Amino acid sequence: VLDRLFLKKVLDYLPGIVSLGITFFITMVGWVFFRFEDTSEMTQCFQALFSFDFNGNIEVIHSFYPIFILALLFSFICSFSFGKKLERYFFKSTVFSIRGHLFQMVISMSLLILSASYLATSGFNPFIYFRF
């Protein structure tokens, strides 16, 4: 909605990495609305996010590090030349060979299987948009 109203025009004038950071920030803040069931929890979350109090106890879950690194990689990969080449190949190519179609199918199916297996083996996974 923000993009349609005014954000696209503003982001077009900014450098790529700055506009990417702003979009990432707005997306992360927007997900808070889907996470909590009532406004008091949401308010507490926003207060914690923007208090910049670094003296609190932070629980570090070491098994989350690989997922966090992958999320960062996939979030910002198109900022680099290698990512731009991948983006052009997967999203902007109009002609593919049989080999190209098979390659995309194998990658898509692999990602689907990995995602489904992760969801099936993890604990409670509520449908995030159900809360909204």
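**Questions about a predicted model**

Visitor: In which helix does Q104 lie?
Guide: This is a predicted model, in which local features need pLDDT of at least 70 and side-chain atom pairs count only at pLDDT 80 or more, while totals for chains, interfaces and linings use all residues. Residues are numbered from 1 along each chain as its sequence is written, and side-chain values use heavy atoms, with hydrogens and water left out. Helices are DSSP runs (H or I, at least four residues), numbered from the N terminus. Q104 lies within residues 98-121, the helix α6.

Visitor: Is Q104 buried or exposed?
Guide: Buried means under 20% relative accessible area, exposed over 50%, and partly exposed in between, with a 1.4 Å probe and protein chains only. Because its relative accessible area is 18%, Q104 counts as buried.

Visitor: Which residue forms a salt bridge with K92?
Guide: A salt bridge is a side-chain nitrogen of Lys or Arg within 4 Å of a carboxyl oxygen of Asp or Glu, and a search of the whole structure finds 1. K92 is exposed, at 55% relative accessibility. Its partner, with the closest N and O atoms 4.0 Å apart, is E87.

How values were computed
Helices (H or I, at least four residues) and strands (E, at least two) are DSSP runs, numbered from the N terminus.
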